[in-house]
Amino acid sequence: MTAGKGAGRPASVWDNMRVRFIICFLGVFVCYFYYGILQETIVRGEYGLGEQKEKFQFARTLVFIQCIINALFAKLLIQFFEGSKPDLTKNWLYGLCSLSYLGAMVSSNSALLYVNYPTQVLGKSCKPIPVMILGVTILRKRYSMAKYMCVLLIVSGVALFLYKPNKSSAVADDHMFGFGEVLLLISLTLDGLTGVAQDHMRTRFQTSANHMMLNINLWSTLVLGLAVLWTGEVWDFLSFTDRHPSIIYNILLFGLTSALGQTFIFMTVVYFGPLTCSIVTTTRKFFTILGSVILFGNVMNPMQWVGTTLVFLGLGLDAKFGKTPKKTTH
């Protein structure tokens, strides 16, 4: 068959959908796996020697740098792939969305000061719960019974993961561990609000993924820039990097892997749809937890492994069977 579309140009490797999927999968997996390692290394690491040891306490500045890199990356993507395509989304909507987006990221990063990385990843895997609850209450969405069953599996898994029947074996400082859980709950709630805002942008203004990524990160950079200047955190951060310059390399890599990871996620959605993207990201999260256990010695008991399995079983079944049918237009 020599006739047909594309007959005038030689087929490239990128035209092969199997190769394209492998590249997207490896891009998401590698970027976010390394992103998780860098995040735990930066936030939970100890810097200095002996009595001079100190911890990284600058979650807002870390997210500020991440937002700058994400915005620059999105701008490049728009420049090369979307050209002059207009964006009709209201700026105030981007601004409101950026507040919940920012709060979720800062709370998530801050939670790592009090809980280990597997707990944080598993907690963030519960994002469908607030998205569903807020979708029902705010957007009046309807979900299938399969969706509710998947969410029940996720909730049960998280409950098993966090439950400690023997108080003597619990974390020594229950107050700190409890505060970490509160931060994760705040992050999840704000994730839900972000999801509602993004859903509204897509349905009302047909906002593209790259424009959304650019503008939300630009607003976030503005808000966080003012916050770190007003609190003086940026000067403490610069003093910290002056004492421990090796952290700068990890922070830049952290921002770069975040931007690249988001790019591969958008590519997966565009070429293979949100269902495939959900399966890819769910698989990545499980191996991130496994990698954290192996690389950082975060011990998990049998009940926590059962809880982890239930969470990812719920996420996987939700990706396969829990999709809400599209509403018909009136």
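**Salt bridges and a helix contact**

Tutor: K53 is partly exposed, with a relative accessible area of 46%; buried means under 20% relative accessible area, exposed over 50%, and partly exposed in between (1.4 Å probe, protein chains only). This is a predicted model, in which local features need pLDDT of at least 70 and side-chain atom pairs count only at pLDDT 80 or more, while totals for chains, interfaces and linings use all residues. Residues are numbered from 1 along each chain as its sequence is written, and side-chain values use heavy atoms, with hydrogens and water left out.

Student: Which side chain does K53 meet in a salt bridge?

Tutor: The partner of K53 is E46, at 3.5 Å from N to O. A salt bridge is a side-chain nitrogen of Lys or Arg within 4 Å of a carboxyl oxygen of Asp or Glu. E46 counts as exposed, at 52% relative accessibility.

Student: How many salt bridges are there by this rule?

Tutor: The count comes to 4. One of them joins E54 and R243, whose closest N and O atoms are 2.9 Å apart.

Student: Where do E54 and R243 lie?

Tutor: E54 lies in strand β2 (residues 54-55) and R243 in helix α9, so the pair ties together parts that are 189 residues apart in sequence. Helices (H or I, at least four residues) and strands (E, at least two) are DSSP runs, numbered from the N terminus. E54 is partly exposed at 23%, and R243 is also partly exposed at 43%.

Student: Changing topic: at what angle do helices α2 and α9 pack?

Tutor: Helix α2 (residues 59-81) and helix α9 (residues 233-243) pack at about 85°, with their axes 9 Å apart. Axes are lines fitted to C-alpha atoms, for helices over the stretch in contact, and angles run from 0 to 180 degrees between N-to-C directions. The two helices, α2 and α9, are therefore roughly perpendicular to each other (angles of 65 to 115 degrees; under 35 is roughly parallel, over 145 roughly antiparallel, and the rest oblique).

Student: Which residues make the contact?

Tutor: From α2 there are A59, R60, T61 and I65, and from α9 there are E233, V234 and F237. Contact means heavy atoms within 4.5 Å.

Student: What is the salt bridge partner of R60?

Tutor: R60 meets E233, at 2.9 Å from N to O. This pair links helix α2 with helix α9 across 173 residues.

Student: Is E233 buried or exposed?

Tutor: E233 is buried, with a relative accessible area of 7%, whereas R60 counts as partly exposed at 31%.
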